2 protein chains.
Amino acid sequence: MALHADDAAAAQQIDIDETINRLKSKSGVESVTVLTKDGRVIRSTAAPEQSEIQGKLLSRLVRDAAEIVEELEAQDELSFLRIRTKRHEIMLALDHSYLLVIVQSPQKE
Amino acid sequence: MALHADDAAAAQQIDIDETINRLKSKSGVESVTVLTKDGRVIRSTAAPEQSEIQGKLLSRLVRDAAEIVEELEAQDELSFLRIRTKRHEIMLALDHSYLLVIVQSPQKE
């Protein structure tokens, strides 16, 4: 039985929801957002206006960082970006289709 | 006896050299570069052309990230950026005057 596009989309959906549920319950996690690579919000536990601005700004930063990584060394590729600020730690993980944004309270390092 | 600007500059110089020496001997560290905030190379253990391009591109990325952090939340401030790529891990630490760039081989996470 062939896998239909709808089945694949449904499976991916479940996967996104599972990922968000798993992450949002972790200690220190403030919000979890899944974005398309161009910054559209697919799912977020943050307030809508916050996830929209995260989508816009962080997807741009990731695109810039990905370009810089390839410019520094051909064949190299960005996989993860971690932004530590005075108040938060923002983790940005890339896969082929999505950008996962996890905001957590800063960890002691 | 007043501390002269020259003494302060000399002290800062020693501090930079000590920091570089301490970091470059750590396991996995590929290069250590100290930049001004606008990307001028002050010291680097990398090849000159590599440190120049790092200075240009990474200082721009840090400026963009700092702006984004402040746009996401007023009063927040960028302190550290970690870029994980397929081949390297690039750590960018900011202080008031300098940008410290440490490139290391990727750590298992």
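Author: Two strands are said to pair if DSSP finds at least two bridges between them. Helices (H or I, at least four residues) and strands (E, at least two) are DSSP runs, numbered from the N terminus. The model is predicted, so local features need pLDDT of at least 70 and side-chain atom pairs count only at pLDDT 80 or more, while totals for chains, interfaces and linings use all residues. Residues are numbered from 1 along each chain as its sequence is written, chains are lettered from A and ligands numbered from 1 in the order in which they are written, and side-chain values use heavy atoms, with hydrogens and water left out.

Reader: How many residues lie between strand 3 and strand 4 of chain A in their hairpin?

Author: Strand 3 of chain A pairs with strand 4 (residues 89-94) of chain A in the antiparallel sense, over five bridges. Within this pairing, A:Phe80 stands opposite A:Ala93. The number of residues between the two strands of the hairpin is three.

Reader: Which residue of strand 5 of chain A stands opposite A:Met91?

Author: Strand 4 of chain A is joined to strand 5 (residues 98-104) of chain A by six bridges, and the two run antiparallel. They also form a hairpin, with three residues between them. The residue opposite A:Met91 is A:Ile102.

Reader: Which residue is the bridge partner of A:Val34 in strand 2 of chain A?

Author: Strand 1 (residues 29-36) of chain A pairs with strand 2 of chain A in the antiparallel sense, over three bridges. In strand 2, the partner of A:Val34 is A:Arg43.

Reader: Which strands stand at the edges, each with a single partner strand?

Author: 10 strands form an open sheet with antiparallel pairing, in the order 2(A)-1(A)-5(A)-4(A)-3(A)-3(B)-4(B)-5(B)-1(B)-2(B). Each edge strand has a single partner, so one side of each is left without a neighbour in the sheet; these are strand 2 (41-44) of chain A and strand 2 (41-44) of chain B.

Reader: At about how many degrees does helix 2 of chain A run to strand 3 of chain A?

Author: Helix 2 of chain A lies across strands 1 to 5 of chain A together with strand 3 and strand 4 of chain B. Axes are lines fitted to C-alpha atoms, for helices over the stretch in contact (heavy atoms within 4.5 Å), and angles run from 0 to 180 degrees between N-to-C directions. The angle to strand 3 of chain A is about 125 degrees.

Reader: What area is buried between chain A and chain B?

Author: In this interface, 31 residues of chain A are in contact with 31 residues of chain B. Buried area is the accessible area (1.4 Å probe) that two parts lose on being put together, summed over both. Carbon and sulfur atoms give 57% of the total, which is about 2800 Å².

Reader: Which residue of chain B meets A:Glu73 in a salt bridge?

Author: A salt bridge is a side-chain nitrogen of Lys or Arg within 4 Å of a carboxyl oxygen of Asp or Glu. The rule finds two salt bridges across the interface of chain A and chain B. In one of them, at 2.9 Å from N to O, the partner of A:Glu73 is B:Arg87.
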